[in-house]
Amino acid sequence: MGCSTNAETGGCLFGSYDRDYGIVYIYYMVEAPKDSIHTPVSFVRGFGGLTKEYERITALTYHQVRYLGEWHSHPNMPNSPSTIDEQQFNEMKTEQQSQDLPFIQIIYGKNGLYVRGVM
């Protein structure tokens, strides 16, 4: 992952969804690209290699899997979203919904998993 266990990390979520039943299926949690920035209290996901990984995933799944959202860790804090996490969620939700796509955000903290999404 390119960071210490004391630093935040993250990556992208890929999968599919069933809009009729409101179900999201996450098949791939891609790790942080090498150009990501990790600190004990923040994480900025880079972009290096993501296009190639997305193309690999879509080829393997015959274009049935797509980008669904972001995941990251809070190794030194609870899983509740920070102000920056809230801002990211709202911006990405708006972007994804403009294309009629869901957006999922997962945060893993000292107290477990936090998951939220919009369809």
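Hi everyone. Let me start with a term: a residue is partly exposed when its relative accessible area falls between buried, under 20%, and exposed, over 50%. Tyr25 has a relative accessible area of 36%, so Tyr25 is partly exposed. Please keep in mind that this is a predicted model.

Where does Tyr25 sit? It is found in strand 2, which covers residues 23–30. Tyr25 also belongs to a nonpolar surface patch of about 460 Å², together with Tyr21, Ile23 and Tyr27.

Now to the rings. A pair of aromatic rings is described by the distance of the centres and the angle of the planes. How many aromatic pairs does the count come to? Four. One that I'd like to show you is Phe14 with Tyr67, which is edge-to-face, with 6.1 Å from centre to centre and 75° between the planes. Phe14 comes from strand 1 (residues 10–18) and Tyr67 from strand 5 (residues 66–74), so this pair ties together parts that are 53 residues apart in sequence. Are these two residues buried or exposed? Both Phe14 and Tyr67 are buried.

Tyr27 is partly exposed because its relative accessibility is 46%.

Which residues do ring pairs link into a cluster? Phe14, Tyr54 and Tyr67.

Methods
Residues numbered from 1 in each chain as written. Predicted model: local features only at pLDDT ≥ 70, side-chain atom pairs only at ≥ 80, totals over all residues. Heavy atoms only, no water. Patch = residues over 30% accessible without salt bridge, like charges linked within 9 Å, V, L, I, M, F, W, Y side chains within 5 Å. Areas by Shrake-Rupley, 256 points an atom, 1.4 Å probe, with all protein chains shown as cover. Salt bridge = Lys/Arg side-chain N within 4 Å of Asp/Glu carboxyl O. Helix = DSSP H or I, 4+ residues; strand = E, 2+ residues; numbered from the N terminus. Phe/Tyr/Trp six-rings, centres within 6.5 Å; stacked < 30°, edge-to-face > 60°. Buried < 20%, exposed > 50% of the residue type's maximum accessible area, 1.4 Å probe, protein only.
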